[in-house]
Each structure stands twice: as structure tokens, then as C-alpha cells.
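The sequence and the structure come first, and the notes follow.

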Amino acid sequence: MDAIIFHEESKTFKLIAGESNYVLQITPKGQIAHRYWGAPVRDFDLRAMLDLAGGACIDENDENILDESNETFHAEYPGGGAGDWRIPAVTALAQDGSSAVDLRYVSHEIFDGKPALKGLPATYANSSDEAQTLAITVKDKYCGLSAVLYYTVFDGSNAIARHSVLRNDGDTPLSLNYVMSVCVDFPSMDYKMLGLYGAWARERHVEWKPLRRGGQNIQSRRGFSSAQFNPFTALAAPNADEKSGEVYGFSLVYSGSFLIEAEVDVKETTRVVMGINPYDFAWKLDAGEEFTTPEAVLVYSGAGYGEMSRTYHKLYSKNLCRGQWRDKRRPILINNWEATYFKFNADKLVQLAKLAEKQGIEMLVMDDGWFGKRENDHSGLGDWYVNEEKLGCSLDELVNRVNDAGLKFGIWFEPEMVNPDSNLYRAHPDWALAMPTRPRTLGRNQMVLDMSRKEVQDYLVERISDILNSANISYVKWDCNRFITEAFSCALPAERGREIWHRYMLGLYGVLEHLVTAFPKVLFESCASGGARFDPAMLHYMPQTWASDNTDAIDRLKIQYGTSFVYPIRTIGAHVSATPNHQTGRTTPFMTRGDVALQGTFGYELDLAKLSEGDYDQIEDQVDRYHEYQKVIFNGDFYRLISPFDDLTQAAWMYVSADKKNALVQCVMQIMTANHPPRRVKLQGLDPAGFYKIEELGVTMHGDTLMNLGFIIPEVYGDHQSVCLTIKRKG
Ligand code: DGJ
């Protein structure tokens, strides 16, 4: 690959990321300047095009002061404390109490492939010619902090992956109090900013806000990436939409507390930083030690948010998710949570499995309640031993009975948690995060284990491995049902106490890495009170995430729409559940529930024994539909057509196969209105010259007609009805 060019004369690096360019330059005094990110530009030295004048703190005679006003300098990785008052990328506290950082060029290297990040999940290259990396070493000669700034571009992708490795090259310890993964300076403030906000059962709703002067942020301080805000933002031109306009995506490959801040300064330029949340964070860097930041994945689109999402979908499907299940069709599962909650035994599960098999369902997942003393959520977490008394048999016997009924078997764990009422807690109270001098805060009657501790990691690996080895288990649901409070580890010395937030993550990632390597055939799905940890880092270990505890088909339209901004459809856990829906009380047609669950991994979560013959027929139809459409949904390109946020009546989306021969359009009537004006939908992603038949309408038209004129969504009667249209290329 020749995607990274160094222009010697102007000391400029140009990263050619698919159809975008990212330009940075070494200034005469060694600052790493950010020059440009966007659609391709032919020139290298872009200084004459930028406003580099004015501002304070310029001293041309002093070699230590910037060439350009540091008040307005567009920097790749700015330190704080030396004339730039904007939000920095890094600050370090030295032993003498000073904290300025000013990183200057030392050397650089351009090489094929992409290095792994030590202990952290990240995107990867499938072969060394699929990616190219620029590594720039910079150093502050006063405090001794050095950094290697990594930039990777991927063949044919508009994405750039960035991270930094900081090292203490001095003789005395430094404290990193603030260390971002990425900083990008934009030359204007004419953008709107996207946040995927939410709460339990209402995850990843979409909110665009125009940038205003000063700082604006998106963050989690909860210890996990959270349902409240996703570790993602996009800046877009004010008039950008799904199909047009410039969009800049920022996605953080991290599951812990994070910060994304956009700051508009006096010159009306915008700085965006993203990384580990500096709130309550500090990391001691002894002489010679290194610290690796999580990875940030930047995506440019010159053709609206849709194109940005598809770039993330492709990269995260093929260069982030891993393992045998990455590209494999996922089994249609039935999960017993909404069917039974805690009240089940082996006979009930086998009954479910037998009924499921008749419908073409392929795997039974036993959810919470099979271990320890666990009749409700007050006890048992941590005791990962099968409760044979409750089940009525051993796990192996149960799994064999389910396998004999024709289904694979999956199992639920919530490894990171412990109930005070558990044998584990009674034996090791110090294994839970808590502050010895303060009362503990319980969430769902449980505490969070100290994942930074080796003993805890070993215990979990040992218990989970033992269970997975004891029976023919094909799937694991990895849950996590509260956020972190009293973030304190009894095992860390006081000077390293604030490292706990990040050490927790490193411990968790280590355990996950161990398990997914040891059990490569097992399909792992991550979950956190629904979708409170739907982030790229989790997808690196587990190729699908349960999107929300809200299984209501109409609410799911918004949750899945928001999720699709970053995450591939094949990673979205979605199930058909009972009506009235357990979260909303709403009654929706069975077919609509199936159609909405098709926008994801597809499965069921209801008591099949309580269904009517008519319902069974519908499941049969849904399973047929799943098999018919699965390939285009799993592998195709995804297009959002009508937003459930903008249109109170309809929502619509579609998938198009890579060869543009097959497409599937799905529409859902959110609320019916009598005599409502016809609703027109314009398709996307087809070959304009192709001749396509809409099977259900019996109409054959060219792609450009379907995309530019569009057609009227077939009339349905009643709230919440859905329509699926199969599109086949005929010529
Ligand atoms: C929260 C998950 O999101 C649910 O699907 C279920 O597994 C429960 N936890 C079990 O406690």
C-alpha cells in the first residue's frame, strides 16, 4: 500500500484514507501541526491556506516557542500549560509540581500493517498489505515525556485509526492526569454535533446540536461506556443529511469512562478530543514506563451520515470483530429470560427447546438463575457453580437433553459482579470494589468485582472455563448489570489508586482475551442491562451485543436506528418477544416484531408454550423470512431511509447486496392515521442503470427511478404494521 506519503521538502505527511486525505506537518521548530482532513487535495504544503497569524505567545527568536501562535495552533497532540489554553490532548504532572507538556518531533517511521495495542482491543489488518501505519515519535525535552503517535489507514476505507504510546524517558515519575487518544482541530465552527444518548431501555437515541462557542462534551463517568452516552460523536456540515454533506465520525474503542469534548475557540475554530475520561483518573508513569491510550477510529464521509455509517460497518465487521463467528451466520436463538425470568428448571427449558425446534429455532439460551443461590437478583452472583437442585439435573444432562431436542445450548454469566449474599463475597470481601472507610453503594443488590486483581481474573477464568468444559456449550451471554461506584482497589498502593478505572478495563480485556482464545468455537454476546456497553471494544471480543432490554418493536425502531450510526447490523442483538410488551405494555403485530428483529442477529425471547396456533404459523413465516433475507442483512450495505425520530408515522430502511443484485426494504407504520397522505420512499444504493423488480408490488423499474422518484409505501391498516419488499435485479 502506498497510502502514507512523506513530502520531504515541506515536511508534510499525507494520509490517503480511501477517498479522504489527512494532512499533518512538522513545523521548523518541530511541532506536529494538523493541516487538513477531508476530501482529497493535491497539494502538500497547506500553510498558505490557513490562518496562522495573530494571537499571543509568539517569539520567533526563541527556539522553544512555537512557529505559529500557540493560542491558535492546529496541533496533532497538544500538551497543556505552554500558551495553548484550549483543551489539551495530554498533561503530565512532574515531581516538582509543574505540568506543562510540549511534544516536538524526534523521528518517524512508515510501515505496512498495523501494530497491536498492548492489552487493549483495537482494529487490526487481516494481512500486512491491507493497512499502512505512520508512527511519529515526539518528545518534551523538559519533563521527559515522549510519545509515539500512531496513524493507520486501511485499504479502500475512509477510516483512520489513531492511538498514542506515552513513555517516561526522564529519571523521576510523572503523573498522567489527562491523556486523550486523539485530537483534531477543524478550521471552523460550522458543524452540528451528534450524540447517541439514552438510558436503560432507551439506548442510543439520536440528537444533533449545532456547535456553540466554548466547550461541549459527551461522556461517561460511570466506569463503563454506558447507555447514557455512547463513545461516539460526529461533526457534520449544518446541511448534511443521510445522503449528502461532509461528516466526521469519532469512535472510541473503549468500554470504560470516556470523554469526547468539542471546543470552539476565539478564532471560531473547533478542537475535538476523545479518550479516557480524565475525571478521577491519574496514572503514575515511573521512569522508563509506557502507557498506551485506547484506539480512536476516525471516519470521513463526503456523502452524508449514511456513508459514514457504512464505513464503520465495514471496518468493524472485518477489522475489529474476530474469530470463527465473525462472518458466520448466527443461530436463531430462544432466550428464556422474558419467558420465565428466574422461575425455571431443566424440564421447563427442555419443553421450550422442543417447541422451538418445531419452529426452526436453533439454539436455547439459559439466562440468569442457574447457579449458586439465585431465585431472584438478591443473591448468588459470583458463585459460578451449577445449582443442580434448582435445575433438577446436572448441566451436562440438561445440555444433552436440549441437544437431543435438536438445539444448541447457550448460557448466561455476569462475571464482573458479586452479591454480598454469596459464598464468593463471604470468602473474599476484598475482591469487590469498595472504600473501606465508606458505606458501599449497591446497584441491583450487587457490587462490582475488582477486575484489576490477578486473583479475581484467575477465579473467573477458572470458573467460566470449568463450566464451558463441563458440557456442550455453544454460546455465552456476558452480562454486566450496574455501574462502578466507590472505585477503590484494596490491592493498589495509594499513589496508584486512581488508576483503578483503567486497570479494571485492562483486567476485563485480559480475561476476555483468555476466554475467547481458549473457546474459539463458542459464540460470545455482550450485554449490560441491555445495551449499556454497546461499544467497539466489546465487539473485538464478542461479535454481537444485546442492544436493549426494551424488546418493544416500536421503541426498538429508534434504538436500532441510533445503533446503526456506528455498529454493523450483524452485531445488533434483537429478539421477538411477547405482547403486551413487558417494558412498554404495547401490543404490536407478531409479524412486525419479527421484521424489526430481523434488523440484527434475530432470535426469540418469550414462552412458546403460551402461544396460539396462529402465532406458531407466524414464527414459521418469520424463520423462513430470516433464511431468505439473512445474507443480504448480514453482508449487505445498510441504508436508513426514513428516520423514526423525524417521521412520527413511518420508519424505513434497506439492505443492498455487495453485487447490487438483491435488496430488502423494510417499513414500519409507527402510528396509523386515517386518510393520511401517501408516504413516498426513495431507495438508495442500487445500480442506477440496473433493472429491478419489487416482487411484492410486481413492478419493475430502473434503479435511478426507484432512487430518484421513489414509490409509495404500500397501504397498511392499523398501528405498527410492517411491510417487507424484496427487490431483485432483472437486468
Ligand atoms: C440484564 C439483561 O439485559 C437481560 O437480558 C437479562 O439477561 C437480565 N440481565 C438477567 O438478569
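By class, the shell around the ligand in this predicted model is made up of 6 charged, 4 nonpolar and 3 polar residues. Of these 13 residues around the ligand, the ones that come nearest are D367, D368, K477, D479 and D549.

**Ligand contacts**

- The side chain of K477, one of the residues that come nearest to the ligand, places an N or O atom 2.7 Å from an oxygen atom of the ligand.
- In the side chain of R444, an N or O atom is 2.9 Å from an oxygen atom of the ligand.
- D479, which is also listed among the residues that come nearest, has a polar side-chain atom that lies 2.7 Å from a nitrogen atom of the ligand.
- Taken alone, the ligand exposes 290 Å², and the protein buries 98% of that area.

**Helix packing**

- Two packed helices are described by the angle between their axes and by the distance between those axes.
- Helix α3, spanning residues 346-359, packs with helix α5, spanning residues 395-404, at an angle of about 20 degrees, and their axes are 9 Å apart.
- Because angles under 35 degrees count as roughly parallel, α3 and α5 are roughly parallel to each other, and their crossing is right-handed.
- Helix α11 (residues 590-597) and helix α12 (residues 613-635) cross at roughly 25 degrees, with axes that come within 10 Å.
- That angle makes α11 roughly parallel to α12, and α11 passes α12 in a right-handed crossing.

Terms used: Residues are numbered from 1 along each chain as its sequence is written. This is a predicted model: local features need pLDDT of at least 70, side-chain atom pairs count only at pLDDT 80 or more; totals for chains, interfaces and linings use all residues. Side-chain values use heavy atoms; hydrogens and water are left out. A residue is near a molecule or strand if one of its heavy atoms lies within 4 Å of it. A polar contact is a pair of N or O atoms within 3.5 Å; within protein, one must be able to donate a hydrogen and the other to accept it, and residues adjacent in sequence count only if both atoms are side-chain atoms. Accessible areas come from the Shrake-Rupley method with a 1.4 Å probe; for residues, only the protein chains shown count as cover. Ala, Val, Leu, Ile, Met, Phe, Trp, Tyr, Cys and Pro count as nonpolar, Asp, Glu, Lys and Arg as charged, and the others, Gly among them, as polar. Axes are lines fitted to C-alpha atoms, for helices over the stretch in contact, and angles run from 0 to 180 degrees between N-to-C directions. Helices (H or I, at least four residues) and strands (E, at least two) are DSSP runs, numbered from the N terminus. Angles under 35 degrees count as roughly parallel, over 145 as roughly antiparallel, 65 to 115 as roughly perpendicular and the rest as oblique. A crossing is left-handed if the near helix is turned anticlockwise from the far one by less than a right angle, and right-handed if clockwise.
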